[in-house]
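Please work through each task with the coordinates open before turning to its solution.

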Amino acid sequence: MISSKQTILNRLDGLRSTEGKAKPPNITTIQKGNIERFTEITAENACEIAFIENDEAALNYVANFLLENNLSNQAIASPELQSRFSKNQLDLTFGTSQGNDTAAISQATAAIEDTGTLVLSSSKSSPTLLNFLSDYHFVLLSKELIFRTKTDFWSWHAANKLPMPRAINFISGPSRTADIEQTIQLGAHGPRQLHILLMD
Amino acid sequence: MPSCRSNDFLHQAERALENEQLQTALNRAKSGFVNKRLNAIQLVDDFEFLKSKAQQSKNYALTNLGHLLEQFEQKVVSCGGHIHWAETPDQLNNIVLSICQENNAQRITKGKSMISEETGLNVFLEENGLRLIETDLGEYIIQLAKEPPSHIIAPAVHKTRQQVAQLFEQNHKLGNRDLSEITSLVEEARQVLRKDFISADVGITGANVLVAETGSVVLVTNEGNGDLSASWPKTHIVTASIEKVVATIEDASNILDVLGRSATGQSMSTYTTFFTGPKRHEDLDGPENFHIILLDNGRSKLMNGPFQDMLRCVKCGACLNHCPVYSNTGGHAYGWVYPGPMGSVLTPLLNGLDQAKPLPNASTFCGRCEEVCPMGIPLPSLLRKLRQEQHNNKLEPLLWRMGLGAYTLLSHYPRLYHSSVALGQKLLILTKRLFPKKSLSTAQDTQTFMQQWKAKQRKAP
């Protein structure tokens, strides 16, 4: 019996050439993004954005936010931040979300200026579910990792020979839906708010 | 595959026009998508350039489809994932079922997938005793209403907030509460579905693009439901059709550049994720099993034929949003999974010309669909080709064919044509006199256009 695969491929036979466009290797220069423009676009995407001096200030930012909003003083953070975060007024745990976290803190791999997008890559020290299961998501981002376009990000990714992780999340704002009467509502299934903490 | 009721388009369209709630919902939606798209493309220096890059990427992929699918399979396998090939909808459904059974799965969460709509996957899995919850808010609403989607990216666009509130009251046993605001509806769905997300054994999602060079699946959503379905359960199953594959990440980026702008008017949707393989050994989350099912369902037969252009479709929905027919009838009138102009082309191609006879005519041929299609699909001319094939296969109603035959004959003999028109005119006037209450004709003149013209010519010096 011929397998489904063979039947499909047989029908596509003659379409197995590699002709067409010759693909030149992508040797464009990698363009960095404009920080001011990035903050403008992320604000249009309904993100909160703050300039933060150091890791300690980042923790204080989260703690203040929770206090001001009468929320419990707990947060879960990406394990890669464990060595950077010292004792603080926050009740911090490190790991991945079990679905009931108010606040989560992650580190962005990079960001993209022209669409106001954060890039987060999964790894053993950067779990994916933190990006989706918390109510309030705080993402640390180094200014120098903002690229101009998606293409610049991917060129940088290739130039540094970074492997493809299980998941690369491009995140352009808090979770949203317009499925009822085309009215945009934030906080559909993922975070209700996305805070970008910009650092040097 | 869900049954195709497209042959009843005319009656379904009539009923849609008389349905007041549907008309309210459609009128509310009317300019929303159109204006958002316009704003988004005005923010780009040269949207036509982005369109041409996306089309080039897709055309290259289609000319090399077999090769790219094999490359994609090799990459997925080398990352630890599994590929399954399904020629028919039944095969896809059975593959999903056997994966669920192998993993002793009981509970499934599902992100939006038009391919699974095409195969009727939900009904099939439920019949086999599995509990499946749609998690895209729009899909969830229509799952509760037991209806098919009426729009490819806004499945519940035909529902008013009152209808959604009613569905939630009937299905969520949460006592007395105020559901009059959209905010409270969204919040309730969040609370209810969160429990399903974190108890699911299997997550099923669609795919917007497949990348051959890396073996990645690209998924675009706004709610984050696709990512939760893909990253929480132990098993992630992707249902995708074969023409979704492109060669490189750059090609995928070219398509993403036009997809969000054309669909929801976003330069990039809130969440775009590249999934590559299952959970790595030391990862703290992610699925242990990563399966991709590639569905053909007649697409490979369209390659190298007169309808190949249709395979460029990226399912953005812009042609629906700009269609004067869709905007008035909504999606259900079209009788199958895909509505609007792209549905009028795809439905007869995937189900058979005789299964969707009225659809190639469900168009005013105004051409807006082609104008807004980011992939440059010549929808009106594809509809015309379908009409031609219908005619060649003698699929139109007998009266229609006789009328066309008579017209062809008359148009060969101008004198016969003019005297028949004059006769017709007289008949119309006569019937109007005999049945004054019936509005049979609006003709006010007693002479035909040609008769009046000739009279005028004679009078002129």
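**Exercise 1.** Determine the handedness of the crossing of helix 9 of chain B and helix 10 of chain B, and describe the residues that meet there.

*Solution.* The crossing of helix 9 and helix 10 of chain B is left-handed, a term that applies if the near helix is turned anticlockwise from the far one by less than a right angle, clockwise being right-handed. This is a predicted model, in which local features need pLDDT of at least 70 and side-chain atom pairs count only at pLDDT 80 or more, while totals for chains, interfaces and linings use all residues. Residues are numbered from 1 along each chain as its sequence is written, and chains are lettered from A and ligands numbered from 1 in the order in which they are written. Helices (H or I, at least four residues) and strands (E, at least two) are DSSP runs numbered from the N terminus.

Next, take the geometry: helix 9 (residues 161-171) and helix 10 (residues 182-197) of chain B pack at an angle of about 35°, with their axes 10 Å apart. Axes here are lines fitted to C-alpha atoms, for helices over the stretch in contact, and angles run from 0 to 180 degrees between N-to-C directions.

Finally, list the contacts (C-beta atoms, placed from the backbone, within 7 Å). Arg161(B), Val164(B), Ala165(B) and Phe168(B) of helix 9 meet Ile182(B), Leu185(B) and Glu188(B) of helix 10. By class, this contact has five nonpolar, no polar and two charged residues, where Ala, Val, Leu, Ile, Met, Phe, Trp, Tyr, Cys and Pro count as nonpolar, Asp, Glu, Lys and Arg as charged, and the others, Gly among them, as polar.

**Exercise 2.** Carry out the analysis for helix 15 and helix 17 of chain B.

*Solution.* Helix 15 (residues 340-351) and helix 17 (residues 379-392) of chain B pack at an angle of about 35°, with their axes 10 Å apart, and helix 15 passes helix 17 in a left-handed crossing. From helix 15 of chain B, Pro341(B), Met342(B), Ser344(B), Val345(B) and Pro348(B) meet Leu379(B), Leu382(B), Leu383(B) and Leu386(B) of helix 17. The classes at this contact are eight nonpolar, one polar and no charged residues.

**Exercise 3.** In what order do the six strands of the parallel sheet in chain B run, and which strands stand at its edges?

*Solution.* Begin with pairing, which requires that DSSP finds at least two bridges between two strands. The six strands form an open sheet in the order 1-10-7-4-2-3 (chain B), with parallel pairing. Strand 1 (82-86) and strand 3 (131-134) of chain B each have a single partner strand, so one side of each is left without a neighbour in the sheet. From one strand to the next, the twist averages 20°.

Helix 5 (residues 89-102) of chain B lies across several strands, including strand 1 and strand 10, and runs at about 170° to strand 10 of chain B.

**Exercise 4.** Is Asp152(A) buried or exposed?

*Solution.* Asp152(A) lies in helix 5 of chain A. A residue is buried if 20 or more other C-beta atoms lie within 10 Å of its own, exposed if 12 or fewer, and partly exposed in between, with C-beta atoms placed from the backbone. Asp152(A) has 21 such atoms within 10 Å, and is therefore buried. Setting aside residues up to four places away in sequence, Asp152(A) touches Ile30(A), Gln31(A) and Phe147(A).

Conventions. Two residues are in contact if their C-beta atoms, placed from the backbone, lie within 7 Å.
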